[in-house]
Amino acid sequence: MYNGTLVRLRAFEQGDLEGNHRFINDYDTVKGMLSGIPFPASYEDERRWLEQQSSYSRGEYQFAVEDFQGDMVGRCGVIRLDWKNRVAEVAIMIGPDWRGRGYGKEAMELLCDFCFQEMNLHKLKVSVFAFNEAAIRCYAANGFQEEGRLRREIFRGGKYHDVVLMGRINEKS
């Protein structure tokens, strides 16, 4: 529905179950984004999550990220929304076979445009683990700036890591 030059953002379909299940069960993918224990998700868990994704959902706006060959390469969306203050938290996940190709950067660009131009949001924010340098570069390339750090907040791989708080203001609002 929202097209770039590398990817499009579209609604989730039932056929996305296998791809989502594969992404969420890839340790290298989830270790850099889930704050809880990176525990495997069942097909049933993912089926239930997928069924909740619609334009009539509970205030989240989730997109499948698809390349122009029709492969689902990841997902992104608004995961927390504060309508009063026009602030949203966004997130992105790109599958392991598609990283390093610019898909995440463009998907985030499309998501930011959607948030600012269609939802009329004022600010977007993210919390990213300090060791997830690719994610920090992706957000920075899309205009996010570091606003603070939560020191030694996340336990991963046997030690504690900082969480970087980043934000982007809609300069047109």
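**Asking how we know**

Reader: Which residue of strand 8 is the bridge partner of Arg149?
Author: The partner is Val164. This is a predicted model, where local features need pLDDT of at least 70, side-chain atom pairs count only at pLDDT 80 or more, and totals for chains, interfaces and linings use all residues. Residues are numbered from 1 along each chain as its sequence is written, and side-chain values use heavy atoms, without hydrogens or water.

Reader: What makes strand 7 and strand 8 a pair?
Author: Strands pair if DSSP finds at least two bridges between them. Strand 7 and strand 8 (residues 159-169) have 8, in the antiparallel sense, so they pass. Both also form a hairpin, with 2 residues between them. In the turn, Gly157 has a positive phi of about 65°. Strands are DSSP runs of E, at least two residues; helices are runs of H or I, at least four; both are numbered from the N terminus.

Reader: Why is Gln62 called buried?
Author: Buried means under 20% relative accessible area, exposed over 50%, and partly exposed in between, with a 1.4 Å probe and protein chains only. Gln62 has 16%, so it is buried. Gln62 lies in strand 3 (residues 61-67). Beyond its neighbours within four places in sequence, Gln62 is in contact (heavy atoms within 4.5 Å) with residues including Phe12, Trp49 and Cys76.

Reader: How do you know that helix 1 is mostly covered?
Author: In helix 1 (residues 17-24), 6 of the 8 residues are buried. They are Leu17, Gly19, Asn20, His21, Phe23 and Ile24. These pack against helix 2, helix 3 (43-51), strand 4 and strand 5.

Reader: What makes a set of residues a nonpolar core?
Author: Its members are buried Ala, Val, Leu, Ile, Met, Phe, Trp, Tyr and Cys, joined through side-chain atoms within 4.5 Å. The largest such core here has 43 residues. Leu124 is among those touching the most other members. Helix 4 (residues 103-118) gives the most, with 9 residues.

Reader: How many residues line the largest pocket?
Author: The lining has 47 residues, each with an atom within 4 Å of a point. Tyr139 is one of those nearest the centre.

Note on methods: On a 1 Å grid over the protein atoms alone, a cavity is a set of points where a 1.4 Å probe fits but cannot get out, and a pocket is an open set with protein on both sides within 12 Å along at least five of seven lines; lining residues have an atom within 4 Å of a point.
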